[in-house]
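Try each task before reading its solution.

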Amino acid sequence: MQKVVALVAVLTIPVLAGGTASADETSYVLKVDVQPAKKGQKAVAKVHITPGAGYHMNKEYPTSLTFTTVPAGVLVDKMKLTAKDAAKFEEAGAEFDVAYTAAELGKKKVSGEIKFAVCSATTCDPKKSAVSFEIDVK
């Protein structure tokens, strides 16, 4: 009698900046820079997308950045930004300036989702990634 042994391999793929994991986790980097915020004054958080080596931004894809959770006391100027709203949108990368005003002191977390696509010479991959940033209002 023969014994059959099954081997199972587990592949762990890191997720960059809360993004959707893929077999090629180096296709993009998502980063958020947050300015110090003062109560009642407009501040800006910058959301950067940088395509990985061999990739570029798909300028034809309907790119969007949508905020789903904005805490009480924080007003985001625009809840949904598209490629037309981007401070920079080119094949080398994209940057969104998220203007907000906080009416209360303390730490607050703003979150949402960004949709975009990066392409290589052979593929174009739509991405959906969680985006969040913490503001510390002084």
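This model is predicted.

**Exercise 1.** Decide whether Y100 and F133 are buried or exposed.

*Solution.* Start with the cut-off: buried means under 20% relative accessible area. Y100 has 1% relative accessibility, so Y100 is buried. F133 has 4%, so F133 is buried too.

**Exercise 2.** Find how many aromatic pairs the structure holds, then classify the pair Y28 and F116.

*Solution.* The structure holds three aromatic pairs. In one of them, the ring centres of Y28 and F116 lie 5.0 Å apart. Their planes meet at 85°. Planes over 60 degrees apart count as edge-to-face. The pair is therefore edge-to-face. Next, place the residues: Y28 sits in strand β1 (residues 28-34) and F116 in strand β9 (residues 106-119). The pair therefore ties together parts 88 residues apart in sequence. Both Y28 and F116 are buried.

**Exercise 3.** Classify the pair Y100 and F133, and say which strands hold these residues.

*Solution.* The ring centres of Y100 and F133 are 6.1 Å apart, and the planes are at 45°, so the pair is tilted. Y100 belongs to strand β8 (residues 93-102) and F133 to strand β10 (residues 124-137). The pair links distant parts of the chain, 33 residues apart.

**Exercise 4.** Locate A53 and decide whether A53 is buried or exposed.

*Solution.* A53 is in the loop between β2 (42-51) and β3 (56-57). The relative accessibility of A53 is 78%, so A53 counts as exposed.

Terms used: Residues numbered from 1 in each chain as written. Predicted model: local features only at pLDDT ≥ 70, side-chain atom pairs only at ≥ 80, totals over all residues. Heavy atoms only, no water. Helix = DSSP H or I, 4+ residues; strand = E, 2+ residues; numbered from the N terminus. Buried < 20%, exposed > 50% of the residue type's maximum accessible area, 1.4 Å probe, protein only. Phe/Tyr/Trp six-rings, centres within 6.5 Å; stacked < 30°, edge-to-face > 60°.
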